[in-house]
Amino acid sequence: MDLSRQHDLLPERLLRDVCVTIIGVGGIGSFLALLLSKMGIPKIVVWDDDVVDTTNPSSQFYRPSDDGRLKVVALKEIVVFSTAAVTAIPRRFTGAEKPK
């Protein structure tokens, strides 16, 4: 993905080592992952143990064909167009783990 148009606003060198962890990829987290990947964030870690169901595509960033799939797996596949390396963790974040 060509991000050169935004490099004068957000230089690539400032993002090189950035890693963002998103806990929960539902109505907010799924879109946040999309936006961060389009901004050029190079590493995104997503945590969620939920699966996509038929009500999700209307309010979350999933496709009807994702029904029954783990949200983090479907999201990683959807965001593949970007240069972001997405790490999908299909578990509930309990707070005992250290986010990457």
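F93 is partly exposed, at 22% relative accessibility; that class lies between buried (under 20% relative accessible area) and exposed (over 50%), with a 1.4 Å probe and protein chains only. The ring centres of W47 and F93 are 5.2 Å apart and the planes stand at 80°, so the pair is edge-to-face. Rings of Phe, Tyr and Trp (its six-membered ring) pair if their centres lie within 6.5 Å; planes under 30 degrees apart are stacked, over 60 edge-to-face, the rest tilted. W47 sits in strand β2 and F93 in the segment after β3, 46 residues apart. Helices (H or I, at least four residues) and strands (E, at least two) are DSSP runs, numbered from the N terminus.

This is a predicted model: local features need pLDDT of at least 70, side-chain atom pairs pLDDT 80 or more, while totals for chains, interfaces and linings use all residues. Residues count from 1 along each chain as its sequence is written, and side-chain values use heavy atoms, without hydrogens and water.

The whole structure holds 2 aromatic pairs. F31 and F61 form a tilted one, 5.5 Å centre to centre with 55° between the planes. It links helix α2 to the loop between β2 and α3. F31 is partly exposed at 35%, and so is F61 at 23%.

Now turn to α3 (residues 71–78). Its buried residues are K71, V72, A74, L75 and I78. They share one side of α3, because they cover an arc of only 160° around the axis, taken from the directions from the helix axis to the C-beta atoms.
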